[in-house]
Amino acid sequence: MEDNEHKTDSRRGFLKKISTGSILAASGLAFSSLSSCKNKSTEKTTLLTPDGKLVQVPNSEIEAMEHLYHGAPPKEARKGIPGKKFVMVVDLSKCKNARKCVQACDKHHNLTPDRPYIKVLEMQDNEESSPYWMPKKCFQCDNPPCVKVCPVGATFKRTDGIVLIDNERCIGCRFCMAACPYSARVFNWGNPPEGKLDIPYSPETSLPSKHGTVAKCDFCPDMLRQDKLPHCVSACPNGVIYFGNELEDAVTNGEETVRLSTLLRDKAGYRYMEELGTKPRVYYLPPVDRLFPFEKENSENKTS
Amino acid sequence: MKTTIINIIWILKISWSLLFIFFNFHMVLGQEDESMEDAKIALDFVADTDSKFIVATATNSNNEPIEDLELYFYVKRSFSNLPIGDIFNATDENGTVKIEFPNDLPGDSEGNVTILVKVIDSDLYNDLTIETIKKWGVPSLPPDQFQEKRSLWAAAANAPIPLILIISALIFSIWFIIFYIIYMFFKISKIEIINSKSY
Amino acid sequence: MSKQGEHKQEFNDRREKDLLRHILKTSLSYKLWVGFLILVILIGTYGYYRQLKYGLIVTAMRDYTSWGIYISNFVFFVAISLVGSLFSSILKLNKNEWSKPLTRISEIIAVSAIICAIVIIIVDMGRPDRFFYVIKYLRIQSPIIWDVIIISTYLVISLILLYTSLLPDVALCRDRLTAVPKWKKKLYRIMAINWHNDPKQVAMLQKVTKILAISVLPVAFAIHTVTSWLFATTWRPGWDSTNLGPYFVSGAFMAGAAAIIIAMYFIRKFINLNAYITESHFDKMGKLLVLLSLVYLYFNINEYLGPAFKMVGVEGEHITELFVGKYAPMYWFVQLGGLVLPIVLLLFKGMRRSLPISIISTFIILGAWFKRFLIVIPSLQHPYLPIQGVDESYLHYNPTWEEWTITLASFAWFLLIITVLIKLFPIIPIQKHEHVSKRHPILNFQK
């Protein structure tokens, strides 16, 4: 079951040993690699845009732009990926508020740090129990209060379990924001921060964002269409977030792959505020036997 | 100050990895020539009434069984491969290893699962992957099960019928009254002065 | 001609003259008043222009406080609009004679309030350019759609209600008012639809009035109950309550009655209707207001006692914030100054005289407006999950000047519609058939 993890761990150990042994040999290379790095970031590539124009794009931006083209157009995006029901498991015992998930999400959804889709909340269940970090995204509920109240069907539930928003239909009434008990939704109060993005709109990436409409975590369906994990999952350095297809009974955090049913059973998985009956598609594993002590002042989380 | 340190650390890291890859590359090439060989894996699928087993037999180029060869068993999933069997599955003196295939693992709509058997990072044998499709999984729900059902959270076209009926009945009854009143006004306007009686 | 007939003739002539006078004469104070209202509307229009240009970012609303004073103002206007049904239905079906002169005022206020409610909800939209998507992509499951349906229905019913009682008077305007501009003559002629007091017409109109009196009541209850469901269908503390429908409806009747009293005071003062809107009307309205306030008080106790006793989680935090926290001054002003104190004061006969009761009603209206602020905003600031990691401005809600000017402009609209309707039509129903004695105040009133 855990041989995958084991394998990677032993590999890492090996890499470390080798590294320590070759510090002296490597230091000589430092200057040359610095200069080559610089060159790389200023290089440009010519790309063809969807409307047939040739544009020059710096190489450093290509990775960020690439995924935008994979989002399906609004009509297609309503359907969902056939044969899948996506599910997420967040292991609270591993989270140390590294905030890499937040940063990756902000980057790929073009968000400013003051209104992210993902929040890592400092939680404390009661005065005696220890505080813990709780990464919170949209729970993609199976009984979604936000979708129920939408007057125009701008937010919708797909067959693959994902709740998306069509910003070309949203009228900005913000009823969904009031209805969501988990405060998962944000609103584009003003004009989008990125200015004008010259790409066709897709609800699967929520880009380019439109003023006066609602947005939220979308489980990155553009990535899922390519059988790739959402950005937050692959960005997490501690393997906190597991993601998978519920119908295949398997979730992965990028390193280890486990059976969803086994994981939830063995580690007492739960859903936040089950009593609301919203049936979230995001499970939590309780913050027991934690890997990291709770530290409020984390060097990583200061940055954002 | 801090960023400079981080930068230097990064540069060092990159350099180490480059060096490492460089050396490793040579090592691998060197080994392949001398001692690395291809292992042969024969797979046998045994299905009882209530349990299923995969029996793998590893032999070398001389058809001799390989003992203590680490084999990895996986089932293909959307984003990654799900390991099955024990944590370590090494062949015995006959070159075989037997692992149990879970009975409740979902397959596709027909119950097909893709089973992968791999040799990874062995000291003596090259990496190897054998892919087999087997009808051992639990069939997943047929596609029509995914059709959106009538519910409060469904699209407009799939609103619950009682809701549509109740709201339509209410709208119809109140607007019937409204139109009846408008009709009454129309009739009032059509009454001509017969017995003129200004008050 | 008998003596009784003489009285009647004199009575009718006097009535007509008194009640049509303000349509013919335009006073300076009227012009100043309209000018002032238009000025307020223009300032609000500038605020709205800025909101259209820059988006809702110009408001103080943010991701947690996602609804602000626009929504509370909307609820307030919906509440005020219920008053039309109070007079045209409840008091009429109970055969109250004294309330008849006030029917027209209440119906005009209802029409004006419901129009303003519609306008303010469009102002609140992030994408007003997509307003018609509500029809194009209508989702019958959404409480907003139910609200859209019921509000448009109530608007039509309110207009019909006003028109039904107005019809004979419009015909009278058409026949009697010769010294008015041509467009007014044309308006009266079209609106009077060939009405000539034919017995058949009178009978049909009475039938219409009766149908309306019965059918407006469920619609009026529905409009505010459905509006309460915009809140009650969510899990927010203070909203997640089965009590919300009757709580809103009872509050609406109280606020509406207070609005009528204020309107009565100013109409009486500025168009010299002291003989038609008498102290006895204020007295009766005072008693009615006490009754309505007591009902509202009852639902208020129900709304707050349970959660305050249990103090469950965020619900408890919300209650604490209202009772002793940030919103305590506003909360106790609303509950004591806008509800308990008026009830106590209005028990005294002296307080039910025109001036004191109008001042008390002003407090009730202010209380009603801020009550809706307290219903909408603090609930949104107490979500289940803690508010963390957001910009400082997301934690508070202090409406910006754009929001205030737009809100004030909506009030100006409300008053302007009322003013214009009063100016165009007789504010007291002229045509009524009643026994007239020699001591009737209209015949004996000394100016």
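**Figure 1. Burial and secondary structure in chain A.** In chain A, which has 304 residues, buried residues make up 46%, a residue being called buried if 20 or more other C-beta atoms lie within 10 Å of its own, exposed if 12 or fewer, and partly exposed in between, with C-beta atoms placed from the backbone. This is a predicted model, in which local features need pLDDT of at least 70 and side-chain atom pairs count only at pLDDT 80 or more, while totals for chains, interfaces and linings use all residues. Residues are numbered from 1 along each chain as its sequence is written, and chains are lettered from A, with ligands numbered from 1, in the order in which they are written. The secondary structure of chain A comprises 11 helices and 13 strands, where helices (H or I, at least four residues) and strands (E, at least two) are DSSP runs numbered from the N terminus. Among the contacts in chain A with a separation of 6 or more, 61% join residues 24 or more positions apart; two residues are in contact if their C-beta atoms, placed from the backbone, lie within 7 Å.

**Figure 2. The contact between chain A and chain C.** This contact draws 36 residues from chain A and 36 residues from chain C. On the side of chain A that touches chain C, two or more residues come from each of β4 (119–123), α7 (145–149), α8 (175–179) and β8 (186–187) of chain A, and the largest share, four residues, belongs to α8(A). By residue type this side of chain A divides into 20 nonpolar, eight polar and eight charged, with Ala, Val, Leu, Ile, Met, Phe, Trp, Tyr, Cys and Pro counted as nonpolar, Asp, Glu, Lys and Arg as charged, and the others, Gly among them, as polar.

**Figure 3. The contact between chain C and chain B.** Here 25 residues of chain C are in contact with 20 residues of chain B. The helices α7 (143–176) and α9 (199–232) of chain C each supply at least two residues of the side that touches chain B, and α9(C) gives the most, with nine residues. That side of chain C divides into 15 nonpolar, seven polar and three charged residues.

**Figure 4. The surroundings of Tyr137(C).** Tyr137(C) lies in the loop between α6 (133–136) and α7 of chain C, and counts as partly exposed because it has 18 C-beta neighbours inside 10 Å. When residues up to four places away in sequence are not counted, Tyr137(C) touches Val152(A), Gly153(A), Arg169(A) and Ala156(B).
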